[in-house]
Amino acid sequence: MALARVDAEKDAQDELEMKAKKYSRGEAADFKPLKDKKLKGQLAVKEKLYGQSAKAAAKAEKWLMPTEEGCLEPEGIEKTYRYQQGSLVKEVDVLSSRKAFDMILPALGPYTLEYTSNGRYMLVGGRKGHLAMMDMLNMDLIKEFQVRETVHDVSFLHNEQLYAVAQKKYTYVYNRHGTEIHCLKEHGKALKLQFLSKQFLLASINSFGQLHYQDVSTGEMIANYRTGQGRTDVMRVNPYNAVIGVGHAGGKVTMWKPTSVKPLVTMLCHCGPVTAVAFDRGGHLMATAGVDRKIKIWDLRKYEVVHSYAARAQSLDFSQKGLLACCNGSQVEIYRDFGGQDYKLYMKHRVMKGYQVGKVSFRPYEDILGIGHSMGLSSILVPGSGEPNFDTFVDNPHETTKQKREKEVHALLDKLPPETIMLNPNMIATVRPPKKKEKKTKKEIEKEMEDAIEAAKNTEMKKKTKGRSKPSKRARKKEEEVFKAKRPFLEQYKENTGRPDKKQRIGDEVELPKALQRFARKPQS
C-alpha cells in the first residue's frame, strides 16, 4: 500500500510539473556572470516567484478545469478535412451522436437560428413565419407556432424566457410560450437583431440603414442613428467591448456605440459589398467576407489584415476556442488557428446538393455547429470548438429555476450603463489624461493683458537714496515692468493670429478670387 501511494504521488507530481511547463516563462536566467550580489539576489527571488505562480496555475487548472478539449488528430499524411460526419458519429459516445441531426422543413425555409449564452436552448426562425424553440439538452420541442409573416432574424434576450423576432413590418418580443409581449414599432422594418447582455440593450438595423438601441429592462429608446451607408443586413456585436460592427454595400465596416452619433471606426475592408462579419471571443480578431470572393482576418489592435483567403461566405462565426466557420452555397468549411493567427482548413461538410446555407452558428460549451439552410436545419460535430469547462456563476446549462431567477436579478443589479461601451474597455476606472489647453480668444487675451498692465502700474517702487530714486528713473522702471507684463500676451496673440506684425503681400501669399485677380500686383520680370 505504501509503495502504491508513493507511486501515485510521484505520478501526480510529474503531471503537475508537465502542466506547470505550459505556464512557465521559459528557462531560468544564468546568474553566474553577474557580479552585483544585490541584483543577483533580486533576480533569484523573482525567478522563484515565477516558478511558484506556474505551479499555482497548474493546480488551478487541475481542479477548476478538469475536462480537456478534443480535436481531430491525423496520422501520417491524413487530412482532417477529409473526415466525414458519418465516421465521426460512429466513434463518439451515444449522447454525442444524438447531437448530430438533419431536420428537413422544405416548405417554410430558409432558416436562421440562435443559441442562448449557456448553449442549452435553440431558437429557430423560418423566412415564411415559422418559429420554434427547442431544449437541446433533452432534445425536446418547447414551443412551435406560425406568425404568418416574413421573419428576417431572431435573437434571444437575457435568457430563454424572452426573445425578439424581426418580422415583416415591426420587431416583436415573445415569451417562451409563444405569447406576444411587445411590439417595438420604433425599430421599423428591422433586418438584423443583436442583444448586448451586459447593458440589456437590443440593437437593430432596419431597411433604411438606421441603427437603433433600446433598453429592454426599461423600454427606453437609447439611440437612433443613420449610418448613411444605405440598406444592410450585416451586423454583429463584439463580445469583448459590446461595440456593434456593421457591414455595408460599399465594402466598409463601421463600428458604433450608443453614445456616439458618428462611427468610432470606419474600415474599408472589401472592394464590393460586405456579406458577413464575425468577432472573436477575445475581441481582437475580426473576420469579414465580401462579394469580391475574399475572407479577411483583421487584427483590431492595429486595424490591419492578418490573412486573406480566396473564398466566398454568406455567414461567418467564431467558436469559443477560436475556430472559424463559413458557408457558401451548400458547402460549410471550418478553419482552425494553427499558431500565429494562421488559419487553415480544419473540416468540411456538404449538406444535400441544392440546399443553400444561410446561417452558421457554434453552440456554446458543445462541439456542435448549427446550420440553417433553405430546406431546414442541420447540426454537425466539430471536435474542439466548444469550451469544455463552464463556470456556473457565468453560464450554467444545468441551472435550476431558482438559479435562473437569482441570475436574472443579479444581472439587472449589475447592468452596465451605455456609456461603458467603448473600443478599449480597460480605460474604465483609470485616470483620464489632462486635456490640452485650448487657445484663448482675442478678447480673453486683451482682457488679461489689461489686468496685467494695471497691476504692473500699481506696483509701488522702493525709494532708494543717493539719486537713484529720480522721477525719470522711476518712470523708466515702471515702463519696463509694464513691457514685461505685456510680453507673454503679445506672444500668445502672435501664435493665435499667425504673426500679425508682418503684412501679407497681395498676389504672393493670398490667393484672390477670380473677380479680384486682375487687381493683384504682377511680379516683376
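Reply: A nonpolar core is a set of buried Ala, Val, Leu, Ile, Met, Phe, Trp, Tyr and Cys residues joined through side-chain atoms within 4.5 Å. Buried means under 20% relative accessible area, exposed means over 50%, and partly exposed lies in between (1.4 Å probe, protein chains only).

This is a predicted model, in which local features need pLDDT of at least 70 and side-chain atom pairs count only at pLDDT 80 or more, while totals for chains, interfaces and linings use all residues. Residues are numbered from 1 along each chain as its sequence is written, and side-chain values use heavy atoms, with hydrogens and water left out.

Start with the largest nonpolar core. It has 28 residues. Those touching the most other members are L196, Y213, I244, M255, M267 and M286. Helices (H or I, at least four residues) and strands (E, at least two) are DSSP runs, numbered from the N terminus.

Take L196 next. Set aside its neighbours within four places in sequence. L196 is then in contact (heavy atoms within 4.5 Å) with L201, A203, Y213, V237, A242, I244 and I421.

A242 sits in the loop between β14 and β15. With a relative accessible area of 11%, A242 is buried. Its phi is near 65°, a positive value in a residue other than glycine. Most residues other than glycine have a negative phi, and most peptide bonds are trans.

R148 also has a positive phi, near 55°, and is likewise not a glycine. Its place is the loop between β5 (140-146) and β6 (151-156). R148 has 76% relative accessibility, so it counts as exposed. A cis peptide bond runs from G109 to P110, with omega near -5°. P110 belongs to the loop between β1 (101-104) and β2 (111-115).

H270 is in the loop between β17 and β18. Its 3% relative accessibility makes H270 buried. Beyond its neighbours within four places in sequence, H270 is in contact with G250, G251, T288, A289, G290, D292, K294 and K296.

R231 is in the loop between β13 and β14. R231 counts as exposed, at 52% relative accessibility. With neighbours within four places in sequence left aside, R231 is in contact with L191 and S207. R231 and L316 are 85 residues apart in sequence, and their C-alpha atoms are 20 Å apart in space.

Now the charged pairs. The structure holds eleven salt bridges (a side-chain nitrogen of Lys or Arg within 4 Å of a carboxyl oxygen of Asp or Glu). K415 and D215 form one of them, with the closest N and O atoms 2.9 Å apart. This pair links distant parts of the chain, 200 residues apart. D215 is in strand β12, while K415 is in the loop between α5 (401-413) and α6 (442-457). D215 is buried, with a relative accessible area of 7%. K415 is partly exposed, at 27%.

D135 forms a salt bridge with R120, and here the closest N and O atoms are 3.2 Å apart. This pair too links distant parts of the chain, 15 residues apart. D135 lies in strand β4 (130-135), and R120 in the loop between β2 and β3 (121-126). Both D135 and R120 are buried.

The side chains of D342 and K344 meet in a salt bridge at 3.8 Å, N to O. D342 is partly exposed, with a relative accessible area of 24%. K344 is partly exposed as well, at 44%. Salt bridges also link E160, R176 and K404 in a network.

Finish in the helices. E479 has its place in helix α7 (471-497). At 57% relative accessibility, E479 counts as exposed. E479 and K457 are 22 residues apart in sequence and 8.3 Å apart in space, C-alpha to C-alpha. M65 is in the loop between α2 (37-64) and α3 (85-91). M65 counts as partly exposed, at 38% relative accessibility.
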